[in-house]
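Dear colleague,

I am handing over the structure below, followed by an account of what was found in it. Please read the notes beside the model as you go.

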Amino acid sequence: MSLFQDIQNYTPENEQEARDREVMLQFMSHSRDYLNRSNMIAHFSASTWTVNKERTKTLMAYHNLYDSWAWLGGHADGEEDLGAVALRELREETGVTHAALVSREIFSLEILTVDGHIKRGAYVPSHLHLNVTYLAEADEQDPLTVNEAENQAVAWWSLEDALKVSKEAWMVEHIYKKLAEKCRRWHLSA
């Protein structure tokens with residue numbers, strides 16, 4: 001199935017996801033380079049909400065750009081298999097070796113704003129990340145490593161504490177709370 005079909009078939013969790021899904025599909029219908037950073041208006045990214053086997057903790061990195069604890073992810077950079085992108089970014093950003101997507105199905109959708117910033121000595125203008133999130137599971141015993149180009153620290157947090165340590169109020173209120181709650185519901189029904 002194509003990324004377009006995956007997004008089209010995704011059942012939104014709430015109004016935010018429904019509206020963001022609609023905008024993503026419209027953007028994909030009108031833009032050819034939505035998978036590449038060369039599209040400086042908007043492009044796809046992929047994230048993981050990474051949990052331990054018991055689904056009681058999530059793995060986060062202290063992200064340099066956002067100066068906050070955050071989930072893990074990165075740019076599609078031309079790759080349509082965003083699940084593979086999300087898993088690769090999880091491993092690159094944390095060093096975990098025993099990690100896998102719980103499902104190839106989309107766990108969450110969100111459009112995220114990215115403020116203008118300097119990256120590798122060049123200015124990157126403000127833009128949107130059309131983000132697809134996957135639920136991943138990692139081994140809490142795996143040694144963690146810091147990818148200094150992107151983050152300052154990596155740690156496991158309880159789902160409750162993850163909502164407290166992030167400095168990004170909008171992300172906590174609209175994204176992380178949703179993901180933690182969805183993870184709890186999924187765990188109870190599994």
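Which residues do ring pairs link into a cluster? They are W49, W71 and Y176, where rings of Phe, Tyr and Trp (its six-membered ring) pair if their centres lie within 6.5 Å, planes under 30 degrees apart counting as stacked, over 60 as edge-to-face and the rest as tilted.

Before going further, please note that this is a predicted model, in which local features need pLDDT of at least 70 and side-chain atom pairs count only at pLDDT 80 or more, while totals for chains, interfaces and linings use all residues. Residues are numbered from 1 along each chain as its sequence is written, and side-chain values use heavy atoms, with hydrogens and water left out.

The structure holds 5 aromatic pairs. In one of them, the ring centres of Y62 and W69 are 5.6 Å apart and the planes meet at 85 degrees, so this pair is edge-to-face. Both Y62 and W69 are buried, a word that means under 20% relative accessible area, with exposed meaning over 50% and partly exposed in between (1.4 Å probe, protein chains only). W69 also pairs with W157, with centres 5.2 Å apart and planes at 75 degrees, so that this pair too is edge-to-face. The pair links distant parts of the chain, since W69 is in strand β3 (residues 68–70) and W157 in strand β10 (residues 151–158), 88 residues apart; helices (H or I, at least four residues) and strands (E, at least two) are DSSP runs, numbered from the N terminus. W69 has 13% relative accessibility, whereas W157, at 22%, is partly exposed.

A pocket here is, on a 1 Å grid over the protein atoms alone, an open set of points where a 1.4 Å probe fits, with protein on both sides within 12 Å along at least five of seven lines, and lining residues have an atom within 4 Å of a point. The lining comprises 43 residues, of which H63, L65, Y66, H75 and H129 lie nearest the pocket's centre.

With best wishes
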